Amino acid sequence: MDYLTMSECIQISCAVCRIGIYTCFRALCCKGPPPPRPEYDVVCIGLTGAGKSSLLSQLCSESADNIVPTTGAQNIRKYWSRYYQGSQGVIFVLDSASSEDELETSRNELHSALQHPQLCTLPFLILGNHQDKPAARSIQEIKKYFELEPLARGKRWILQPSSLDDMESMKESFMMFIQLLEEKDLEPIQM
């Protein structure tokens, strides 16, 4: 069995000590690796054709070429609540250029989501999508039509315009939403 000399033990101890000191110094005084980013379970809902898949695939830098609208969406809506459990936030996408009937349906679905027991305390990002279309309603028109001020009073929500043509605004909207998700004891906010 090889025994280390006293000199070798001291050298090894010093090397280990230097590594430990360097690691502590780096952690305390220098920029180390960035802290891990928190992950959130978020549910994204909206009527067929609102643009949910297109927006999310664009944000993830994926091709939207192969996106096919969900078939039987009206039948699927009754199952949305099965996806709510464990959610930490809600993204509601609406087509701001849709027909009056579709807009009314979208309004009813948003009202249901805002009042649902599993979602009513969660932050909402409401996206008025397709703002690039000529028939698009403004954010103020949507806010008024959807009666967001009285309905969402006391809740954390953001209403933002969106379109595939303006991904910078979309990223800003998501950054605002992430801030809502990160805040723990938050006073109600509307934007």
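Colleague: Which side chains meet K143 and E149 in a salt bridge, and how should I read that term?

Modeller: Side chains of opposite charge can pair when their charged atoms come close. A salt bridge here is a side-chain nitrogen of Lys or Arg within 4 Å of a carboxyl oxygen of Asp or Glu, and in this structure the side chains of K143 and E149 meet each other in one, at 3.3 Å from N to O. This is a predicted model, in which local features need pLDDT of at least 70 and side-chain atom pairs count only at pLDDT 80 or more, while totals for chains, interfaces and linings use all residues. Residues are numbered from 1 along each chain as its sequence is written, and side-chain values use heavy atoms, with hydrogens and water left out.

Colleague: Is K143 buried or exposed?

Modeller: Buried means under 20% relative accessible area, exposed over 50%, and partly exposed in between, with a 1.4 Å probe and protein chains only. K143 is buried at 16%, whereas E149 is partly exposed at 34%.

Colleague: How many salt bridges are found in the whole structure?

Modeller: The search finds four. K52, by contrast, is buried yet has no salt bridge, and the nearest side chain of opposite charge, D95, is 10 Å away.

Notes. Lys, Arg positive; Asp, Glu negative; His and termini not counted.
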